[in-house]
Amino acid sequence: MSISHQETLQGCRMALEFIEGLDETTFKRWLAGEYILTLQPSLSAKKVKKENKKEIIWQETYKSYEQKLKIMDSYEEAIEYLQSLKFNKQQLKDLGNAWSIYIQSRDTKEKIIYKIVEEVVGNKLKIQVLGNKGK
């Protein structure tokens, strides 16, 4: 059984939509080889186990936290926001791990918050500074 021309075009459209949905930093990191695109089975609501449902909910929650952090314009604002969430150390580690931030087991809550802010907000601010130097 071969893939039809229409199916190939549909697959290309889906891949392009996914790539267009990446933020600039992630896209550049993908181009640099830091990320790879992979295929994985989609999870239909009927097939998902309870544990997986919780994981999916947390992943969506991580995305909402990341979006809120990305619009912040200072380290202080981002740190205050993360502290206001009142996460325990494990939740902060999970949050950092969701964004592929290296967190050691001996890191304190404050250190984990700093690493998350540095990765999410710090990179945005560095790009803004570099962009303004060219003007």
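The model is predicted: local features need pLDDT of at least 70, side-chain atom pairs count only at pLDDT 80 or more, and totals for chains, interfaces and linings use all residues. Residues are numbered from 1 along each chain as its sequence is written, and side-chain values use heavy atoms, leaving out hydrogens and water.

- Beyond its neighbours within four places in sequence, Leu69 contacts (heavy atoms within 4.5 Å) Ala78, Tyr81, Leu82, Trp99, Ile116, Val120 and Val121.

**Salt bridges**

- There are four salt bridges, each a side-chain nitrogen of Lys or Arg within 4 Å of a carboxyl oxygen of Asp or Glu.
- Arg29, Glu34 and Glu119 form a salt-bridge network.
- Arg29 pairs with Glu34 at 2.8 Å between the closest N and O atoms, and with Glu119 at 2.7 Å, N to O.
- Arg29 sits in α2 (residues 24–31) and Glu119 in α6, so this pair ties together parts 90 residues apart in sequence.
- Asp107 bridges to Lys115, with the closest N and O atoms 2.6 Å apart.

**Exposure of the charged residues**

- Buried means under 20% relative accessible area, exposed over 50%, and partly exposed in between (1.4 Å probe, protein chains only).
- Arg29 is partly exposed at 23%, as is Glu119 at 25%.
- Glu34 is exposed at 52%.
- Asp107 is buried at 6%, and Lys115 is buried at 18%.

Methods
Helices (H or I, at least four residues) and strands (E, at least two) are DSSP runs, numbered from the N terminus.
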